Structures are given as structure tokens and as C-alpha cells.
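Me: I'd like to learn how to read a fold from its coordinates. Can we start with the sheet?

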Amino acid sequence: MTPAHAMTLGPMDTATGSFLDLLNGTRGLPLLREEGQRMDLPEGHVDRLVEGLTQAGLLDDATGGGPAADALRAKKDVLDRLRPDLASLSLNTGEPGAALGRLAARRALRVQVRGAGRVGAVIAALLSGAGIGEIAVRDGGVTEPWDVAPGGLPAEAVGERRDEAARRAVRRAAPDRPARQTSRAASEEGDPGFSLVILAPRDDVAVYAPDPAAATDLIASGTPHLYAGVVEGTGVVGPLVLPGETSCAECLHHARTDRDPTWPRLVAQWRSGRQPQVRPCDLTLATTVAGLAAAHALAFLDGRSPSSTGARWEVSLPALHWHARPVWAHSGCPCGASEKDLEKGKEGHTSTDEDRHATMAEDRPSRDMRRKADSARPAGTWRAHV
């Protein structure tokens, strides 16, 4: 129905229209050819029709997807929980059987969420509910009453360790109850590490001005990471960082310093100043940010390039207008993304360029971001998803 995925098939004669009813997963191609002959369809018409439907992404395979998909089919209760997600994936996959294959592949992925407040805990639970196999949550302290959120930390977790309470929320949300996590380190021999790390700090300064030092290990190991959080009355999702390929938190810091030399002093004042015990974090805004961040994470984990790649999506109360702010690779950042831009023949971006492009993104975010989403994912130093 919606323009994003709508498609028209035609011209369609009555006999071919009747034949389409036979494509219900109960017949293979040889039997379909026999049915076509009985319906007096022209020679080769069935093969041409099947090929056209396949190329248009309108044909599925009831037994496709590979061994992992077969294993998921065997778990009927789990698959029933995920059928709405499977139907959604089928809108964005063209190859027959690919939707179930992607859904099954999620079960082998490992994701870490750093931060278990109103945003981070909900992101972790959403990804678990969507079928991601292992969600590791990292945070400190104990659950406070203001950490509680529907879909995240429950009221009965107040006073308990925040990270442990978030892990229980992850286990509750999982379609297939995962085993209790062990404390293995990502650096263990043979450990594949994380396919994605999501940084969702409870500290609003860390949301607005991400500390590059917090992602040093991720840049060094080539681990993709996504930022998300709420600062005052503004929700932020992005950037999604592909180390060595796209801009990072340090690129953002350098660009802001170029525009305003006093920026480092401002950040230092915010970090050293006396902070209120309870910071602004509207429940509905936090839930909105968590949902969008989880959606961007899933798009990446499924092999797509979401519009948060090299950009920050922001929305503020009370108007709630989403807009994208590009984060360009900076030549003064050691992450290497600017060198990659030069290799691709791109021109360097000045601060004036960034301001101009940010304004353009606010005016036309859908077109600019769609171009990014449609581009092929680059191969680089960042760790590929499983």
C-alpha cells in the first residue's frame, strides 16, 4: 500500500491471474509447469512469470534460507513470535528465502549496549525481542526509580545492579530464552567480538558531546558502533561509525572546535560542573529514541546502510521535528575516515560546508539519507557482521 514498497505487476490476463493462486508454497517448478500446460498457458510462460516475479522480489521460497533457516523453522514457538518481523523483512529482500535467512542469521549475532538507563535498557530489550542472539549490557551502579521504563528496567529492579537488571529484561524479551550470559571477554582467543556496540549513556553531556576516548577500543578493533540518547529535551540517534570508513565522535569534536574554538572549554565546563541527581529524560522521547536506534541497528545487522551512517538524527520537544545533521570525516582525526574520503576522490569539507550541508539535510533529509541507504556497504577495517 505505501509508496516505499508498493509495486504494480502487469499487464495481467485472466489465465495468468488465476495461475498466481497456485504460487502458495505447495508446488515446485516442475509441478507448476504441468499446471500451466493444463491451463493452456503458452510454452515457457510459467518460467518467464516465475523469473519476473523473482527479479521483482515478489516470490518467496517456503524451504529456502539455508541450514540456519531450517533450524528456526523447527522452533515453531520462536518463529511464531517473530512472524511480524519476518513479514517486514520480506518487504526489503528480493531473493526467495532471504527474509527467513536474515531473521535466522540474527540468532548468531552478538551486540553490546553500553548504558542501561531509560534509553539503553529499552534498546537492549528491543534487539533481544527482534531475535538478536546475544545482547551484552554494560553499566554501573544500581537501578534508581527514575531508570524504570516500560519495556526496559521494571519497578521491582530498583536497588538492584543496573546491568544485571537489564540482562534480565533482555532474557524476558527474547523469543527463545537465551542461556544466562557468562563473563567472557571479547579479547578471548577465538571470540569473534561484537557485531555492533551501541553507546547509550545516561549522562546527557556524553550524549550531546560524545567523548572520543569512550570509543577508543572500538576504533582500534574496527568494531561498528552507534550512538543514541537523550540530552535535555532532545533525542539523538547516530552517528553509526564504521571505523576507518565513516566519521566518528572525534571527527564531530574536531569539526565543532573548527567552528567554535571555545568548544573544548565548554565541554570541560559541562563535564566538571555540578550535575543534578535526576536529569531531564522524557519517557516518551526516550522510548522514541530507543525504538529508532534499535531499528537503525537492525538495518545494519541485516546488511543494510541506515541513514545514521555518518549522520546524527535529532528530534526535540515539543515540536518533534526529526532532522539529520551530517558528521563529516575530519582530516585532523586519527580514525582514518578522511583518508578514505580522499581515496574515493572526495573533496575535503570545511566548517562552512558542514553548516551548509546540515541546513540542506534539515530541508531534505529523506532524499539525502535515501541515497546513503541505497549505497553498497564499503569494505574496510571495521568488523563485518556475522
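Predicted model: local features only at pLDDT ≥ 70, side-chain atom pairs only at ≥ 80, totals over all residues.

Me: How do β5 and β6 run, and how many bridges join them?

Reply: They run antiparallel, joined by 4 bridges. β5 covers residues 234-241 and β6 covers residues 311-316.

Me: Now the helices. Why is α6 described as largely enclosed?

Reply: Count buried residues, meaning those under 20% relative accessible area. In α6 (residues 98-105), 6 of the 8 residues are buried, so the rest of the structure largely encloses this helix. The buried ones are Ala98, Ala99, Leu100, Gly101, Leu103 and Ala104. Their cover includes α4 (67-74) and α5 (76-92).

Me: Where does the general idea about helix facing come from?

Reply: An α-helix has 3.6 residues a turn, so residues three or four places apart point the same way.

Me: Last feature. How many disulfides does a search of the whole structure find?

Reply: It finds 0. The test is two cysteine sulfurs within 2.5 Å. Take Cys251: the closest cysteine sulfur, in Cys335, is 3.7 Å away, so it is too far for a bond.

Me: Are Cys251 and Cys281 buried or partly exposed?

Reply: Cys251 is buried, at 0% relative accessible area. Cys281 is partly exposed, at 23% relative accessibility.

Conventions:
Residues numbered from 1 in each chain as written. Heavy atoms only, no water. Buried < 20%, exposed > 50% of the residue type's maximum accessible area, 1.4 Å probe, protein only. Pairing = 2+ DSSP bridges. Helix = DSSP H or I, 4+ residues; strand = E, 2+ residues; numbered from the N terminus. Contact = heavy atoms within 4.5 Å.
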